Amino acid sequence: MTVKTVEPRTEVQSLLTRRPRRLRRTDAIRALVRETIVRPEDLIYPLFVVPNSRGKVEIGSMPGVWQMRVREIVEEAARAFDNGIRAVLLFGLPERKDATGSSSWDPSGPVQSAIEGIKRSVPRIAVMADVCLCEYTDHGHCGVIVEKNGVKDVDNDQTLELLERQALSFAQAGADFVAPSDMMDGRIGAIRRALDAKRFEDVGIMAYSAKFASGFYGPFREAAESAPQFGDRRTYQMDPANAREALREIELDVDEGADIVMVRPALAYLDIIRGARESFPVPIAAYNVSGEYSMVKAAAERGWIDGPRVTSEILTAIKRAGADLIITYHAMEFVKQTSR
Ligand SMILES: [Zn+2]
């Protein structure tokens with residue numbers, strides 16, 4: 001191979017004084033000028049808790065993500081903390097389901113037991129608990145079903161009371177944050193008042209404020225066993241086409257007392273994250289959802305993409321768009337990969 005020698009400068013080249021490539025020349029220089037860095041502390045690690053009667057099972061559509069029993073969840077939370085992660089978000093799979101999701105406020109339910117276990121063994125990690133009924137109802141919807149003029153739908157106001165009971169139960173078990181994901185109107189205010197009335201004024205609320213009716217939740221429904229048995233969630237989750245409405249939802253949640261607001265999913269909604277960042281002076285969380293995770297895993301498995309590289313790029317993009325916190329199934333692999 002012949003190396004081309006440097007030619008003497010031409011008149012045109014010497015006029016070229018602005019050269020952005022100077023800042024990309026070496027690893028060291030690139031590191032110096034890097035604008036966005038995802039830290040382990042930015043990540044929230046979602047975990048699925050099953051009753052002790054069941055086993056630890058890997059979720060088929062989410063390689064590397066497991067349904068775990070309380071003991072295993074506590075161990076996983078300890079590992080996460082040791083690797084720099086500062087928060088977990090718990091989802092529960094109950095022993096039994098009914099029309100109102102009543103097992104969700106059972107003080108000895110999987111989530112309540114996991115909160116207690118983590119608080120005992122890993123007291124310094126923040127424990128967040130997802131508040132919704134879809135994992136606990138036999139119909140798989142996020143609230144109470146009523147029939148109006150022959151059409152079944154979730155009744156907003158009847159659902160609020162059940163969400164309050166569930167949130168209180170998680171607070172009682174020791175949760176630092178409750179995270180309502182149901183998308184009922186007025187639930188942040190209702191839960192805030194219910195918590196305060198029982199002197200849980202220190203328990204925070206991370207609101208799934210702009211939660212879109214998304215096809216990206218597919219694998220999650222396998223993980224949380226929460227697929228609706230009829231219809232879909234479009235009468236309560238948002239239309240993916242709407243950005244202004246997302247800001248309206250966030251505004252309502254902030255007014256009702258949300259401490260952290262969330263956009264979900266993340267990747268196809270980076271504009272919503274940016275809009276939220278520019279409009280509200282509160283921490284913004286973004287949920288890098290199951291479908292986003294599974295697409296990376298599936299393509300990497302086939303050798304079509306470099307999984308760790310794409311993961312890092314995705315998390316960086318979500319933070320660059322304006323998210324302070326990222327809920328992601330990649331959390332553990334990401335922190336291990338970056339600490340290497
Ligand atoms: Zn739900």
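Q: Which is E278, buried or exposed?
A: You're looking at a predicted model, where local features need pLDDT of at least 70, side-chain atom pairs count only at pLDDT 80 or more, and totals for chains, interfaces and linings use all residues. Buried means under 20% relative accessible area, exposed means over 50%, and partly exposed is in between (1.4 Å probe, protein chains only). E278 has a relative accessibility of 60%, so E278 counts as exposed.

Q: How many salt bridges does the count come to?
A: Let's start with some examples. D232 forms one with R234, where the closest N and O atoms are 3.0 Å apart, and R39, D42 and K319 are linked in a network of them. By the salt-bridge rule, the count comes to 18.

Q: Why is the pair of F212 and Y269 stacked, not tilted?
A: Rings of Phe, Tyr and Trp (its six-membered ring) pair if their centres lie within 6.5 Å; planes under 30 degrees apart count as stacked, over 60 as edge-to-face and the rest as tilted. The F212 and Y269 centres are 4.3 Å apart, and the pair is stacked because the planes are at 20 degrees.

Q: What is the relative accessible area of F212?
A: F212 lies in the loop between β9 (204–211) and α7 (218–224), and its pair with Y269 links distant parts of the chain, 57 residues apart. Y269 counts as buried at 6% relative accessibility. F212 is buried too, because its relative accessible area is 0%.

Q: Which residue has its charged end over the ring of Y287?
A: Y287 forms a tilted aromatic pair with Y329, 6.0 Å centre to centre and 50 degrees between the planes, and both are buried. A charge sits over a ring if NZ of Lys or CZ of Arg is within 6 Å of the ring centre and within 35 degrees of the ring normal. At 4.2 Å from the centre of the Y287 ring, the charged end belongs to R264.

Q: What is omega, about, for the cis peptide bond that joins R264 and P265?
A: P265 lies in the loop between β10 and α9. The bond that joins R264 and P265 is cis, with omega at about -10 degrees.

Q: Which residues coordinate the zinc ion?
A: Donors are N, O and S atoms within 2.8 Å of the metal (3.2 Å for Na, K and Ca), and water is not among the atoms, so sites may look incomplete. The zinc donors follow the spacing C-x1-C-x7-C along the chain. At 2.2 to 2.3 Å, the zinc ion is coordinated through the SG atoms of C132, C134 and C142.

Q: Phi of M183 is near what value?
A: M183 sits in the loop between β8 (177–180) and α6 (187–197), and M183 counts as buried because its relative accessible area is 4%. M183 is a residue other than glycine with a positive phi, near 70 degrees.

Notes. Residues numbered from 1 in each chain as written. Heavy atoms only, no water. Helix = DSSP H or I, 4+ residues; strand = E, 2+ residues; numbered from the N terminus. Salt bridge = Lys/Arg side-chain N within 4 Å of Asp/Glu carboxyl O.
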